[in-house]
Amino acid sequence: MSLIHPTILFGLGLTVIPIILHFMLRAKPKVLPFPALQLIQLRKKTNVRRMRLRHLWLLLLRILVIVLIVVAIARPSLPAANYWLTNGEMLRLAGIVVFAVVGYIAAVRFWRKKNLPQHSLAYRRALLRGGLGVSTLILLLLLVAWPYSRRIAAEYTAPATTVAENIPVTGVFLFDTSVSMEYRAESQTRLEVTQEIATKHLASLPSGSRICVSDNSSNDPLLFHSDPLARIANLKISATHHMLNERVRSAILFLEEEQKRAAGGEANSVADSSTTQDTLNEIYIFTDLAKSAWQLEGDSILKSELGRLPGIHVYLIDVGVEKPMNVGISEIRFSRQVLSRNEPLTITTTIAATGLDEEQERVVELRTRDSEGNTIKLGQQSVIVGGNANLLQPDEPVESVATFTTRGLTREISHAEVALISSDPLPKDDLRFLTVQVKPPPRILAVAESRLAALFWMQALAPEELVKMGRQRYDVVYRNVNKLDDTEFTAYEAVCLVGVKTLSENAWNRLTAYVSGGGGLAVLLGANGRTNPQVATSYNSVAAQKIMPAQLLADLSFSPSEFLDLRRPTHPLVRKLVELGGGPLLSAADILRFWRVEPHEDATEIARYSDQRSSAAIVERVVGKGRSILLTTAVDRSGWNDLVVSGWAYVVFADQMMQYLAQRADIQRNFVAGAEVVIPFSRSERVNDILLRKPKLQQVARPVPASAEAIVIRDTSQAGHYNVVARDIGSDFSTGFSTNHPGGESRLTRLSSADLDELIGAERYALARDVSELTRQVGRGRIGQEMVPYIVLILLLFFIGEHLVANFFYDEGRAAQQA
C-alpha cells in the first residue's frame, strides 16, 4: 500500500485522546440506600466486570474512528484490483452477522424466560456480547478476510509503486484512422471525438512529459513530437490502415527502447520500471473498437509483450457507438477486369446493413464519366436492405445484392463507380470505384488436321451467332497443321494444337521461342496413337519437350469410363468454373480414352482422372514468360469423351483456358488502397518515364528503370481512380486502376470484453469512454486504487457503532442508577 500524503500519519498520535478521556470519565461509585451487605458486594463485582468490558469496546471503537479518519486523509492507494466484495463473500459476511444477531437474541430470550435477576441477566448479556464479538471476529477473519486477501493478491497486476501525481509521462497516443472512424453521431465523427478527448487529456499531463502521436494509416517509425497538439489536430481519415495489433506492439517496443536509452544503455527496462519512477510509461489507444481494425485470429504476441512488461499502462478510449446503424457497399465483384470489345460486364454489388431492425429501400447506381468529365448513368436498381436480423448475432450486418450488366464501358481504360444513394452516419462506404480495361478480342490460333477437328473448340470460343453480330469474345483463326511455316505466332495471344498428330522440329522450335517470349500454348490431345506411333515420337522429341508439360507414354482406354477430378479448384484455369457451379457438370462427363503421360518435375497437375492410378488429365508448365497446358484427352466428338456435351461448363472451361494462356486473367486493375500496384508491360510496350495522376488531382512524375518489366506504384493511399500516362516523346502509352478501402470497414461489429481480454490480456488495460472516466482510470493506473471510499464507508459504520455502544452504555447506567 502507498500513501499520497504519508506525513498525515503523524495524526495517529491523536489516538491517545480517547484513552485519556476513558480514564477521566470512568463511572463513579454509586450511593445505594441500605441494601444487604452481601448483596452489595456481589452486585459490585458484577458491575465492575461488566463496566470494564463495555469500556474496552467503547475505547477500541473510538480509537479506530480516529485511526480511520487519519488514514483516509492520507489517501492510501493499492495496486489496481476489484476491492469490492464478491457475491460469495457478501453471502458469507451476511451469514456470519445473521448468526451472531440470531444467537444473541435467542440467548437473551431464553434467560428472560427463566426469570433471572436483573443484575445476573445484565452480567450474562455482557459476557455473551464479548463472546459473540470474539467469535464473530474469528469467523470473519477465517471465512471472509482470508479468502478476500488471497483473491486481491491474485488480482494484483503490478507491484505497488512509490506514487506521485507529478511524475512525467513517456507515452504514445495511438489513433485509429480507419474509415469506420468517420461514423458521425451527435454532429461529430468518431475521429473528432478522439481528437477532443486527446487534446484535453494532453493538457492535464505533468510537465516534462514526452508524447508520440501516431496512427494506423502507415507503419512509419514512432517519434516524439515537439508539438503533439498540432499533430493531433492534423489527423485525417485514411482509406488504408494497418492492424492496430501491429501498431500497439510497435508502441510497446518503442517505450521499452526509450526506457533503456534513458537508463544509459543498462539492462534496465520497462519491465522493472516500478522501481525506477523517473517517468511513467503509458499507451493511449483511441478507437471505436470495430473488429475490422484488429487481427483477432491467432494473435497472442500483444498479450505476451504486455505480460513481459508490466510497467506499461494501456488505456483504451472507446468512442464507438454501442448500437451503430449503417448501410454501405461492402464488396463489388466483376466478371472480368479485362474485357473484349463489346463484351458485357457483370458487376455484383454487396450491400451490408447494420442496426436496421426493419427493411428499408435503397437505390444503387452504376455510373461512369465521358472524356469531358460528365457523369453518365449506366444503370440503377432498388434494393431492400436491413430487417431479418440475426438473433444470435445482432451486431452482424444483413447483406443484400444488386447486379448490373452493362456494355457501356468502351474506352480502353474505363473508370466507373457504384454509388449507394443513401444518407447515413458513414458516407465513405457508400461509394466504390472500379476500373476495367477494354481491349480487342484476343487472337487465338487453332491448329488442326482439319477445320472439322477443331470445330467444337472454335465454336466454344467464338460462336458463329456472336461472330455475325461482332460480339465474339475471341478472334479465332484456323490454320491447317501443314501450313505453319509462314505463320507468325507472335500475332496471336494463344496457340491451340487440337488433335494434331505431328509437328516439324522447326515448328516446335518456333513455338518454344513464342512461349518463352510470353505466349500461351494449349496442347489438346486426341490423335490416335495406336495406329499412328509417330504421334508419341513427335511430342516426345527433344524440340517438343522443351515446352511440353509431360512426356507421352501410351494411348489408353477406360473401361468403365472415368471422370475428371479437379484437384486444384483454386487454380485460375478452373476457379471461375467452380465458382459458377460448373465443376460438377464438367466432372460428370464420361472419359473413355486418354493419353497416359509422365509430367515433368517443373510441371503442375491441375486435374487428374478418377481411376486408381489418378492419371494426369491437365498439366501446366511455365516456360520463360509464357505457359503451356496439356489436356490428355480430346475436345471433340471423336469418341474420346463427353466433355463437349457438358453444356455451358465446356464453354466456360475453354474460355478460362484461353484467358489464362493469354494472361488476361492475370491483369488486375482494382486494388485495396495502400497496396502495391504492379502493371506489367506487354511484349510491345515500353516506357521510360511516367506521370501518375492521383484521385485528388495530384500529379507525380516518375522514371521507370531501364531493366523493369513492369510499372510499380506504391503510393496508393487515396481511394479512387488513378491514371498513368507516358511522358516519353511520341509514346501513347496510358493505363489506369482504382483503389478502394477494405470492405470490412462497412462491418461495424464491435470487440467484446472477451475479445479485448484475448488480445491484450485481462486486467492489462483500462477502458474509458470520455475525459472524466479517462482521468479516473489514469489516476488509478498511476497511483493505484485509492482506498478513501472504502475507508469512509468503514468509518461511517464505526461512527454508528460507537454511537450505539455509547448511548446504550450510558442509558443503561442511568437506568441502573434510577433503579
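Predicted model: local features only at pLDDT ≥ 70, side-chain atom pairs only at ≥ 80, totals over all residues.
Colleague: In which hand does H14 pass H16, left or right?
Modeller: Numbering starts from 1 along each chain as its sequence is written, and side-chain values use heavy atoms, leaving out hydrogens and water. A crossing is left-handed if the near helix is turned anticlockwise from the far one by less than a right angle, and right-handed if clockwise. For H14 passing H16, the crossing is right-handed.

Colleague: At what angle do the axes of H14 and H16 cross?
Modeller: Helices here are DSSP runs (H or I, at least four residues), and strands are E runs of at least two, numbered from the N terminus. Axes are lines fitted to C-alpha atoms, for helices over the stretch in contact, with angles from 0 to 180 degrees between N-to-C directions. H14 (residues 572-579) and H16 (residues 648-661) have axes that come within 8 Å, and they cross at roughly 145 degrees.

Colleague: By class, how many residues in the contact of H14 with H16 are nonpolar?
Modeller: Contact means heavy atoms within 4.5 Å, and H14 brings Pro 572, Leu 573, Lys 576 and Leu 577 while H16 brings Ala 649, Val 652, Gln 656, Met 657 and Tyr 660. Ala, Val, Leu, Ile, Met, Phe, Trp, Tyr, Cys and Pro count as nonpolar, Asp, Glu, Lys and Arg as charged, and the others, Gly among them, as polar. That leaves one polar and one charged residue, and the nonpolar count is seven.

Colleague: Why is S17 described as largely enclosed by the rest of the structure?
Modeller: Buried means under 20% relative accessible area, exposed over 50%, partly exposed in between (1.4 Å probe, protein chains only). S17 spans residues 443-448, and it is largely enclosed because the buried ones among its six residues number five.

Colleague: How far apart are the end C-alpha atoms of H5?
Modeller: The expected span of a helix is 1.5 Å times one less than its number of residues. H5 (residues 190-203) has 14 residues and should span 20 Å, so the model agrees, with the ends apart by 20 Å.

Colleague: Is Arg 411 buried, exposed or partly exposed?
Modeller: Arg 411 lies in the loop between S14 (398-406) and S15 (413-421). Leaving aside neighbours within four places in sequence, Arg 411 is in contact with Arg 369, Asp 370, Ser 371 and Val 438. Its relative accessibility is 43%, so Arg 411 counts as partly exposed.

Colleague: In the sheet S6-S3-S7-S8-S34, which residue of S34 stands opposite Tyr 315?
Modeller: That open sheet of five strands has parallel pairing, with S6 (210-215) and S34 (765-768) as edge strands, each pairing on one side only. S8 (residues 312-318) pairs with S34 over four bridges, in the parallel sense. Opposite Tyr 315 stands Ala 766.

Terms used. Pairing = 2+ DSSP bridges.
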